[in-house]
Amino acid sequence: MQASPKKEDQQRLVARLMKACGGSYSPETRRKYYISGPQWAAAYQGQALFHAPTRSAVGFEEIIKKWGEIGIQCWTTHDTDVIPTEALGKDRQAEIVGRIKRSLESNGVKCSMVTTETFYHAVWAASPAAEAPEVREYAAFRVKNTVDIGHELGASFAVYWPGSLGYYVQGAIDETQTLRWYADSLNAACERDIEVAKKKGRPTLKHCLEAKPFEPQAEILLPTSDAMLAFIASGVLKHPEMVGLNPEYLHELMWGAAPRAALARALLAGKLFHFDINDGYRLKHDVDIGVGLVNPLDWLNVLVLLRSHGYNGPFNLDYKPPRTTSNFGVFEMSFPTAVDRFITMWEMAGEVISDPIIKEATDTLKGGAGPVGDPKDADAIAAANAELLTLHELIAHRLVQILWGAHRGRTYSV
């Protein structure tokens, strides 16, 4: 169906104002960054528990084509985003995977990550680690099948979100046993991965757990990245070295945590494999707003941390374009601007790291005031460093200056 003249005029207005905004990067520049675009994010139609869809459906071929045009280097997907549940593991799956490979190749896009849907279908009503052995056997099939798809598409990562791993009513499950059963499915995935990687002469995938504090279950057994670090180290996994984290910025914010601190703990454990990027509000539901639109200063600090500690994994654009954005706007405005905001903040983080004022302040703080007369005199130590600690606020001020360009002389006359 052709767009009406009025609709075309509105689209031209959006395109013109986008150009007038400036600050955009070329597709060639965007491809230099390890940014991935999820199938589910671009295909999201605006639906929710209380919301009807506001956009029409978009298939993977169109999304991959748009990623190529925008300059998003990689594409990611759930198994059932692109393959009907009833076709998994069958001939139709091979046909669809073949189409995906051709689409990726023709548009210069790579598949970086695959993930298994273990939360939507009715079979997961009691989680992928349900009491029924046949459910757990099916869960093992699904994750092993996703490993197969990942290797076929050239992916490097597999992500697992156990959002249905939990309960609605207390006493209904044995939490310890459920966690052991969940480990069985991860063990099956890793064993399959080792087997397939050896046959194909490829590295094994990096298996990444993604935490979310609430939704869709009432109580979730692995609600935070810290809980998942404990789970990985608990001894129930056969290949814990293959399993790490895929923290999501908003999922940490949802329970009131500091995403930067959660990422720091993952870095310290050597388990930060993958990172889902978005934005939102503390102690609210999973709104999945585009990166940098709500908490740009916090995002700058997050990227300073990651740059400082050599994170080189993907940044996956796991957000939902607002329901008010049209199909045209999703690809003309929403995803290009999300990529450009990320790139700008990443490069800004580099400025923070090399900024002479911040460097002098942090170096001075690390050096301390120097020896005091009695190294066991708490009052003397506090007094010696009292003036230096003012530098904490100065550093924060400098970060804000860099964020809005005041470090380059941008001021306003009143």
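This is a conversation about how the terms used for this predicted model follow from its values.

Colleague: What should I know about the model before we start?

Modeller: It is predicted, so local features need pLDDT of at least 70 and side-chain atom pairs count only at pLDDT 80 or more, while totals for chains, interfaces and linings use all residues. Residues are numbered from 1 along each chain as its sequence is written, and side-chain values use heavy atoms, with hydrogens and water left out.

Colleague: What makes a stretch a helix or a strand?

Modeller: Both are DSSP runs, numbered from the N terminus: helices are H or I with at least four residues, strands are E with at least two.

Colleague: How do you know that strand 4 and strand 6 pair?

Modeller: Pairing requires that DSSP finds at least two bridges between two strands. Strand 4 (residues 157-160) and strand 6 (residues 206-209) are joined by 4 bridges. So they meet the definition, and they run parallel.

Colleague: How many bridges link strand 6 and strand 8?

Modeller: There are 3, again in the parallel sense, with strand 8 at residues 243-245. L209 stands opposite L245 in strand 8.

Colleague: What is the strand order of the open sheet?

Modeller: The sheet has 8 strands in the order 8-6-4-3-2-1-10-9, with parallel pairing. Its edge strands are strand 8 and strand 9 (275-276).

Colleague: Why are those called edge strands?

Modeller: Each of them pairs on one side only.

Colleague: Which helices lie across these strands?

Modeller: Helix 4 lies across strand 1 (35-38) and strand 2 (74-78), running at about 155 degrees to strand 2. Helix 8 (residues 175-200) lies across strand 4, strand 6 and strand 8, at about 160 degrees to strand 6. Axes are lines fitted to C-alpha atoms, for helices over the stretch in contact, and angles run from 0 to 180 degrees between N-to-C directions.

Colleague: Why is helix 14 called roughly antiparallel to helix 16?

Modeller: Helix 14 (residues 356-367) and helix 16 (residues 391-404) cross at roughly 160 degrees, with their axes within 10 Å. Angles under 35 degrees count as roughly parallel, over 145 as roughly antiparallel, 65 to 115 as roughly perpendicular, and the rest as oblique. Helix 14 and helix 16 are therefore roughly antiparallel. The contact (heavy atoms within 4.5 Å) includes I357, A361 and L365 of helix 14 and L391, I395 and I402 of helix 16. By class, it has 9 nonpolar, 3 polar and 1 charged residues. Ala, Val, Leu, Ile, Met, Phe, Trp, Tyr, Cys and Pro count as nonpolar, Asp, Glu, Lys and Arg as charged, and the others, Gly among them, as polar.

Colleague: What makes helix 4 roughly parallel to helix 6?

Modeller: Helix 4 (residues 60-70) and helix 6 (residues 91-107) pack at an angle of about 20 degrees, with their axes 9 Å apart. That angle makes the two helices roughly parallel. Their contact includes F60 and I64 of helix 4 and I96 and L104 of helix 6. It divides into 5 nonpolar, 3 polar and 3 charged residues.

Colleague: Why is helix 13 called oblique to helix 16?

Modeller: Helix 13 (residues 327-354) and helix 16 cross at roughly 140 degrees, their axes coming within 10 Å. The pair is therefore oblique. M348, E351 and V352 in helix 13 meet L399, I402 and L403 in helix 16. This contact has 5 nonpolar, no polar and 1 charged residues.

Colleague: How do you know that R12 and D9 form a salt bridge?

Modeller: The term needs a side-chain nitrogen of Lys or Arg within 4 Å of a carboxyl oxygen of Asp or Glu. R12 and D9 meet at 2.4 Å, N to O, so the pair qualifies. Being 3 residues apart in helix 1 (residues 5-21), they are separated by about one helical turn. The structure holds 20 salt bridges.

Colleague: What sets E215 apart in its backbone angles?

Modeller: Phi of E215 is near 75 degrees, a positive value in a residue other than glycine. A cis peptide bond joins E215 and P216, with omega about -5 degrees. P216 is in the loop between strand 6 and strand 7 (219-220).

Colleague: Which residues does L388 touch?

Modeller: L388 touches T364, L365, G368 and A369, not counting residues up to four places away in sequence. L388 lies in the loop between helix 15 (378-385) and helix 16.
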